[in-house]
Amino acid sequence: MPDTRYAIAAVLVAAAVTWGLRALPFAVLTPLRASSTVQYLSTRMPAGVMVILLAYCLRDLPLTHAPTLAPPAALAVTVGLHLWRRNALLSILGGTAAHVILASTVFAP
């Protein structure tokens, strides 16, 4: 019988910890919604994250080989689509498709 009580206690502790971890973000975010800093970051962070990803992806790209021209070409397609249509989903999908097509056909090693 002690094994059963131990198992029940372990399940209850795990359930309480899981519930607490899932409820914590909502409890913390409620007072932050009125913060001017959070509102400022919510408008500026998407562009900042994209710039960081761009720098990370293109930082070690040797431009002396033809296959490495696919990412900059796909980047140009992505920027062009976004400036033309102002639709993030279209820009991401179009840039990804351009990269896959260019990397697997035109600039294939």
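A: What follows covers the pocket, then one of its helices and a loop residue beside that helix in the chain order.

The model is predicted. Its largest pocket holds about 730 Å³ of space. The lining is made up of 19 residues, and Met50, Leu54, Ala74, Leu75 and Thr78 are the ones closest to the pocket centre. Two or more lining residues come from each of α2 (36-58), α3 (70-85) and α4 (88-106). Of the elements, α3 contributes the most, with seven residues. Sorted by class, the lining has 13 nonpolar and six polar residues, and no charged ones.

The helix α2 has 23 residues. From its first C-alpha to its last, α2 reaches 33 Å, close to the 33 Å expected at 1.5 Å a residue. Even so, α2 has a kink of about 45 degrees at Arg44, shortly before the proline Pro46. At the start of α2, the backbone nitrogen of Thr37 has a side-chain oxygen of Ser35 within 3.3 Å.

The loop between α2 and α3 includes Thr68. Thr68 has a relative accessible area of 13%, and because buried means under 20%, Thr68 counts as buried.

How values were computed: Residues numbered from 1 in each chain as written. Predicted model: local features only at pLDDT ≥ 70, side-chain atom pairs only at ≥ 80, totals over all residues. Heavy atoms only, no water. 1 Å grid on protein atoms, 1.4 Å probe; cavity = no way out; pocket = protein on both sides within 12 Å on 5 of 7 lines; lining within 4 Å. Points joined across faces, edges and corners; volume = space filled by probe spheres on them. Helix = DSSP H or I, 4+ residues; strand = E, 2+ residues; numbered from the N terminus. Nonpolar A, V, L, I, M, F, W, Y, C, P; charged D, E, K, R; others polar. Expected span 1.5 Å × (residues − 1). Bend = angle between axes of the 7 residues up to and from the residue. Polar contact = N/O pair within 3.5 Å; in protein donor to acceptor, adjacent residues only side chain to side chain. Buried < 20%, exposed > 50% of the residue type's maximum accessible area, 1.4 Å probe, protein only.
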